[in-house]
Each structure stands twice: as C-alpha cells, then as structure tokens.
Amino acid sequence: MLMQDMSFKENLLDGKNDVQGDITWNGATNELSSVTVMDEDMSVWEFIKNKIKSSFVQDNQDAFYVADLSDVVDKYCYFHRDLPRVKPFYAVKCNNSKQVLQVLAILGTGFDCASKAEIDLVLSLGVPADDIVYANTCKQPSFIRHAAQQGVHKMTFDCESELLKVAENHPAAKMILRIVANDTGSHTFLSKKFGAPLQKCENLLKMAKILNLPVIGVSFHVGTKSKNPQAFYQGIADARHVFDLGKKFGHEMRLLDIGGGFPGEYEFQPGFEHFATVITEALDLYFPSKEKVEIIAEPGRYFVSSAFMSAVNVIGKKEDYVTDKDGKRARNLSYYLNDGVFGALKLDYLHRKELKPLKDYSHSKDHVSTLWGPCCTDEDIIMKEVSLPELEIGDWIIMQNMGAYSLSKVSTFNGFHPPAVYYTLSKDKLKRLQKL
C-alpha cells in the first residue's frame, strides 16, 4: 500500500528514492503489463521516431499511440503536493487502459466507476471495494445488485427514483448526494444531466432516512476542462449547507467529493496550482481538518491527457481554392488521416498547437487545411480551417495531449481497428514504483 508520509511523497517527486523489488499493490505482487522501460536519456519523442522507422521496415503505417506512464506518476505527485487533504478517485471512463489503472492502483488512488464493467475491471487489479465509488447517479438495477455482491457500497444519487432503486437492490449502500454545481466556463456542462438543485436536497435527505439508506456525504462536478476555479469554491460552500442538512436529519455525514474538471494539459490556463489554491482555501473555511471529513476528488483527464501522444499517417491529399471575406482566393488543402473521430481523434478536444508534423517544416508557409478521418462519412472530420505547412502523403503527424476521452471512445466503424498503444516508463520511475 502507498505510504501516506508527505516527506516520502516529496522524495518520490524529487527522485530521491532508489530502490529495488517487485511491483506491488494492495498486498498482491504483479508486473505492469506490456510496458517498455526506457533509459533516462531516451525521450518519448525519440521512442515515437523509432516506432515509425520500424513500421516502415515492416511496411506498416498504421496509426498508433504512445503513453508515458512516468507522466501519470508525476501528476499523482503534483496532486498530492498541492491538495494533500484530497484523495483522488480516478475516473475510469476517461481512459480505461489497464496499464494506467495499474500504475494508479500502485500509487494508491481510489477509482470512480460508472458501470458494472468498470467495477469489475478495477476489482481485477486487487483494488479494495472500499476504494471504489459507483459515481453514476442513474444505475441499472442489475448493476446495483452486482455492486452489492462485490462489496461496493459507496454510490451517488440525485433524485427520488434512484433512492428507491438502491433501497430495493442494495440496502447496505452508503449514499452520496450529488448536487448541481456551477459549470459556467467549462467545456462540458454536466449540470444539465446530473445533480440535485439545493432546494430539493432536504426532501431527498428525508426520503433516504425513511428508506433507511444512510447518506454519508455530498458530491458535485464543475464540468469538463473548467476555466473557473471559483466554481469549486461555490461547490464546496453549497456542500457545507447540504452537509448540515444531512446531520439535521440524522445522517452521518463524513465524506465530501469535489468531483473532477481539473486541467490535464500543462499549458492549460488557469493551471492546476491555481485550482488547488482556491480549493484549499474553501476547504479550510468550510471543512476544516479538525472535523475529520474524508475528502476525495474524481480527476480523469488530469492524470492522462498529457501522458498520451498519437502518431497518424497522411494517407490522402486534395487541394482546392476558397474565397475569403476580402474576396481573395486562397489555397485550401485537405488531408486524409488513418485515424479519425470514429477512432481516437475527437474533434472537441484537439487544438492546432497540439499538432506537429514529424518532418521539419519550420521554414514552410502555412496553408488553411482540413483534416479528415478514414471513414466513408462526412461526419469523420477532425479539424476545419487549421493552419498547417503543406504536407505530403506518407507524412506523420504527432498529436499531443491525447489521453483523455479518446481511446475509451473508440469504435470499429467501417471496419477500422483501434490504434495500437505502446506504454513506456522510465527506469527511474519504475524503481520508485517498486517501493510502494
């Protein structure tokens, strides 16, 4: 199990632990699956170049991913450093790669699961059922019964019908009331679908008491890729109000779940440190440490976004001319890539600054370009009106920050298979993980 001593975590971050031994977690001895351990002098970028060279030798230009698990370890250390009172429960839906889950399990995180399959996946790694939150406010009854059979008791709700389902199928459950959060400034507005308004919480807490279902805490989620740290402050303040309501009705309120929404890209602004400062200030005011409240979070993209890079090949090219607003004709280039939105390249999460041709085009003029995926539908459009140097068929494009909500959403539409993923870990990080 992971040691909870702060000085040890700081040493882990600083690279001061040089140890040997088997990789272990939760008392079980295991090895990381299919992970390439890299020398310290090899970068992920060089690893990608070597893979591409190898693919040409093998006459295979398929798209692929490279995951830097060392980055996942670093993110865990930063999280613990900046939010020492908060235990992360990783959101499995964001990226359910076994190797990612193994590393996080070794580090001692909990897990936010949304389905029977996710629960089973996490349990198969030896993670205790108590380190799982069934964080889906609308659950299939058979899934609730399965959670009960597996000893997963912590689960969220936000309405009367969910309480009735849980009371019937899992009377030993420990309920967490999810409230609506201010998701202004976020990429995705989750409050449209999830969360109870504050004015309904009193009746929900009363109903839970009548059904003999203990409510142990409150959760909220400020939305995906939030740019509004103050939303966490307000969510924590609202949770305090609901906490006090719960105590009023005899519930043992002992857990606060501040959800996800943390940035996963290092260049994202405001940065994670700014969010952590606001959260710490709110926690100290509304949930001071003397109350002994367990505080957790549900980060997903925070852990994995920057850890994954995608390498895609240009398999087609077209050109035409478009007329701009000043009446001038401009050359427009369309490129067809061997992965797309039905694969792992999700339009909503890509930005120009995250695309980099492998070949050096630094002295070339940029052109307005469109990126298409390989499927036979006009819905498979990756990016429109992006400025890129003129590329050629056979060129490779490297895409950064590709770990979140990409591989976990892959389909096999048109018979295209998911891209291969190569997992890497530095020798230094492996030695540190072996201590835990």
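**Notebook: burial, cores and salt bridges**

I looked up S70 and found it buried, with a relative accessible area of 7%; buried means under 20%, exposed over 50%, and partly exposed in between, with a 1.4 Å probe and protein chains only. The model is predicted, so local features need pLDDT of at least 70 and side-chain atom pairs count only at pLDDT 80 or more, while totals for chains, interfaces and linings use all residues. Residues are numbered from 1 along each chain as its sequence is written, and side-chain values use heavy atoms, with hydrogens and water left out.

**Entry: S70.** I placed S70 in helix α3 (residues 69–82); helices (H or I, at least four residues) and strands (E, at least two) are DSSP runs, numbered from the N terminus. Not counting residues up to four places away in sequence, S70 touches T424, L425, S426 and K429, where contact means heavy atoms within 4.5 Å.

Entry: I located A129 in the loop between α5 (116–123) and β7 (132–134). A129 is buried at 18% relative accessible area. Beyond its neighbours within four places in sequence, A129 contacts L123, Q150, G151 and V152. I then examined the salt bridge between K154 and D130, with N to O at 3.1 Å; the term requires a side-chain nitrogen of Lys or Arg within 4 Å of a carboxyl oxygen of Asp or Glu. This pair links distant parts of the chain, with K154 in strand β8 (residues 154–157) and D130 in the loop between α5 and β7, 24 residues apart. K154 is buried at 6%, whereas D130 is exposed at 56%.

**Entry: other salt bridges.** I noted a count of 20 salt bridges by this rule. E390 pairs with R331, the closest N and O atoms being 2.9 Å apart. E390 lies in the loop between β17 (381–389) and β18 (396–399), and R331 in strand β14 (residues 329–337), 59 residues apart. Both are partly exposed, E390 at 22% and R331 at 21%.

**Entry: nonpolar cores.** I looked up the largest nonpolar core, which has 110 residues; Y90, F111, L177, L256 and F262 touch the most other members. Helix α9 (residues 230–248) gives the most to this core, with eight residues. Such a core is a set of buried Ala, Val, Leu, Ile, Met, Phe, Trp, Tyr and Cys residues joined through side-chain atoms within 4.5 Å. Among the contacts of L177, not counting residues up to four places away in sequence, are F157, A196, L204 and V242.
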